[in-house]
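Here are a few friendly notes to read alongside the structure. Keep the 3D view open and look up each residue as it is named.

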Amino acid sequence: MLRTGLTGGIGAGKSTVARRLVERGAVLVDSDLLAREVVAAGTNGLAAIVAEFGDGVLRPDGELDRPALASIVFGDADARRALDGIVHPLVRARSEELVAAAPPEAIVVQDVPLLVESAMETAFPLVVVVGVDAEERIRRLVSARGMSEDDARARIAAQATDERRRAAADVWLDNSGPEEDTRRRVDALWDGRLVGFEENLRLRRPVPDGPPQLVDPDPDWPRQARRLAGRIERAVGERGRGVEHVGATAVPGLPARDVLDLQLAVESRSDAADLGDRLAGAGFPEDPGAVPDGAGTLRLHRSADPGRPAVVVVRVHGSPAWRHALGTRDRLRADPRARDGYTERRRAAAALYGSDPDSRRYTAHTSAWRADPDEWPS
């Protein structure tokens, strides 16, 4: 099963994307619908709201008077937090029930309007953000929903910025044009990424690195690495001692394979052995072909996401291998001569093993530079 978080600002058109995903076979869990379900007449949720805000939030038929409640909480941060404290746990619990009932091979799409605002992005192996320029969203809210322009701008301002959403997005799905264009983008996402990701997760099949091809540095690599690190930290919880972005993609301006290297620190060897299920559930199954490298790597996991290759090495916190990975990265960041030498060796290795479908010989060749004691950072 693949759990995918779907979000976007008000007026971005998440419903269009969600509808197409359902047409392609996704199981949709809609938080907005659940938020209504858990406070329907006769529910414990509605009873808790009445206890908090009074009988004035009830309609004569016993249902929640949403405009009356909105007039209380809009602009009152304390009242909003009180409402969220009632509704959000109920929605989460109901969402988990629906996810648990989905088939093992399902692609579950959880439509969460405030996913970013609630810092929930690390709970999903993949996050899709529906993106539309703010001015276009305002136009849509005014023309399609009858809002005033001031109201539309206020609602947008109360939500996360596009910059914050982009930081959370594994996929930024543009919905600014005709609906048919959006449907094509959704289809490409489904066929090119979601189906393969779900199957890899279910089979615990990591995505291989492929032939070692160096590419120009991508300034977005650090942001992508932070996203993955957040998922890993959430998955391992108290058993982890931190996740660091290491390797060539962690060095600004350095050509590298488009594969993110992450180092997960643990307290002991036994911790590393016990984290396999947690890492696999977060999207990083163990590499069944990995062998001990003699350099302190306890376990090696790879991403199951076809759209974002990544490697997670598990090492004991404070060990020589752990310190060496961080020290090498920091030296490369600080020393232009070291960067030049490392890049030269990597280019030579890529030329030598560029047609090799398995990257292990390339990795062994380039690791020799890092393993040479004379080249260790001081």
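1. Let's begin with the inside. In this predicted model, the largest nonpolar core has 28 residues. Those with the most contacts inside this core are Ile232, Leu262, Leu264, Val266, Leu279 and Phe284. As background, nonpolar side chains in soluble globular proteins tend to be buried together.

2. Which elements give two or more residues to this core? They are helix H10 (221-236), strand E7 (260-266), strand E9 (310-316) and helix H14 (336-353). Helix H10 gives the most, with seven residues.

3. If you set aside its neighbours within four places in sequence, Leu279 is in contact with Ile232, Val236, Leu264, Phe284, Pro285, His301 and Val314. Apart from the core that was described above lies another one, of 22 residues, which includes Leu21, Ile107, Val130 and Leu194.

4. Now zoom out for a moment. The protein chain comes to 15 helices and nine strands, and its C-alpha trace spans about 80 × 45 × 40 Å along the principal axes. Of the 378 residues in the chain, 47% are buried. Take the contacts between residues at least 6 apart in sequence: 70% of them join residues at least 24 apart.

5. Next, a pair of helices. Two packed helices are described by the angle between their axes and the distance between the axes. Helix H1 (residues 14-24) packs against helix H9 (residues 179-203) at an angle of about 50°, and their axes are 10 Å apart. H1 and H9 are therefore oblique to each other, and their crossing is right-handed. On the H1 side the contact is made by Thr16, Val17, Arg19, Arg20, Leu21, Glu23 and Arg24. H9 brings Glu179, Thr182, Arg183, Val186, Asp187, Trp190, Asp191 and Leu194. What classes of residue make up the contact of H1 with H9? There are five nonpolar, two polar and eight charged residues.

6. With a relative accessibility of 16%, Thr16 counts as buried because the limit is under 20%. Leaving aside neighbours within four places in sequence, Thr16 is in contact with Glu179 and Thr182, and both of these belong to the H9 side of the helix contact. For a sense of distance, look at Thr16 and Ala51: they are 35 residues apart along the chain, and their C-alpha atoms are separated by 37 Å.

7. Finally, a second pair of helices. Helix H13 (residues 320-334) and H14 pack at an angle of about 110°, with their axes 5 Å apart. H13 and H14 are therefore roughly perpendicular to each other. Their contact is made by Arg331, Leu332, Arg333 and Ala334 of H13, together with Pro336, Ala338, Arg339 and Tyr342 of H14. By class, this contact has five nonpolar, no polar and three charged residues.

Methods:
Residues are numbered from 1 along each chain as its sequence is written. Side-chain values use heavy atoms; hydrogens and water are left out. Axes are lines fitted to C-alpha atoms, for helices over the stretch in contact, and angles run from 0 to 180 degrees between N-to-C directions. Helices (H or I, at least four residues) and strands (E, at least two) are DSSP runs, numbered from the N terminus. Angles under 35 degrees count as roughly parallel, over 145 as roughly antiparallel, 65 to 115 as roughly perpendicular and the rest as oblique. A crossing is left-handed if the near helix is turned anticlockwise from the far one by less than a right angle, and right-handed if clockwise. Contact means heavy atoms within 4.5 Å. Ala, Val, Leu, Ile, Met, Phe, Trp, Tyr, Cys and Pro count as nonpolar, Asp, Glu, Lys and Arg as charged, and the others, Gly among them, as polar. A nonpolar core is a set of buried Ala, Val, Leu, Ile, Met, Phe, Trp, Tyr and Cys residues joined through side-chain atoms within 4.5 Å. Buried means under 20% relative accessible area, exposed over 50%, partly exposed in between (1.4 Å probe, protein chains only).
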